Amino acid sequence: MLLEPQRRQFLGELPPGEPGTSATLQLMRRVVNQYKRDPAVRETALSLIAGLRPKDWRGEIKALFEFVRDHIRYTRDIRGLETLQIPTVTLDNSAGDCDDKSTLLAALLESIGHPTRFVAVGYSKPGAYSHVYVETKLGASWLPLDATVQRPLGWSPRPSVSRLVVHN
């Protein structure tokens, strides 16, 4: 059974640095594991892959990735307050930041059987993180899916100083 939905979770009180990023990723993981079962999330995923050949795994991943990349506007959080939206709110708003878009994409993928993980990266100093994106397993490899920029399937941000991975 799904937990009582909240419109958004405010994360402003998390510790700084890697402990705060780790706590955020764990919350994102819990949200994905709950919302991959949500009928609206699964119905959205199924409608996006409806025209594909059966077992076209790459096609499924591409369709969901391009939907989130192209139809969910990247919009920053409230100034001074880190938030995380549940996937259905991101769908309703058609907007969210990198953690919102990543949580939605992971929930969509997981709802149709694609394993996912979150990758948090930072560029300033070790232990400092500024961005998160999704990777999904395709065959034996993890495929990067950064839906916040107009880049193709498989593109990932430049090499980072910090990298933290959490599997869903």
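Modeller: Here is a close look at the sheet and the helices beside it. This is a predicted model, where local features need pLDDT of at least 70, side-chain atom pairs count only at pLDDT 80 or more, and totals for chains, interfaces and linings use all residues. Residues are numbered from 1 along each chain as its sequence is written, and side-chain values use heavy atoms, leaving out hydrogens and water.

Let's start with the sheet. Four strands make an open, antiparallel sheet in the order 7-6-5-8; strands (E, at least two residues) and helices (H or I, at least four) are DSSP runs numbered from the N terminus, and two strands pair if DSSP finds at least two bridges between them. Strand 7 (141-145) and strand 8 (162-167) are at the edges with a single partner strand each, so one side of each has no neighbour in the sheet. From one strand to the next, the twist averages 30°; angles run from 0 to 180 degrees between N-to-C directions, with axes fitted to C-alpha atoms, for helices over the stretch in contact.

Now look at strand 5 (residues 116-122) and strand 6 (residues 131-138), which pair in the antiparallel sense over six bridges. Here Phe118 has Val134 in strand 6 as its bridge partner.

Next come the helices. Helix 1 (residues 17-35) packs on the sheet and touches strand 5, strand 6 and strand 8, where contact means heavy atoms within 4.5 Å. The direction of helix 1 makes about 30° with that of strand 8. Helix 5 also packs on the sheet, touching strand 5, strand 6 and strand 7, and its direction makes about 15° with that of strand 6.
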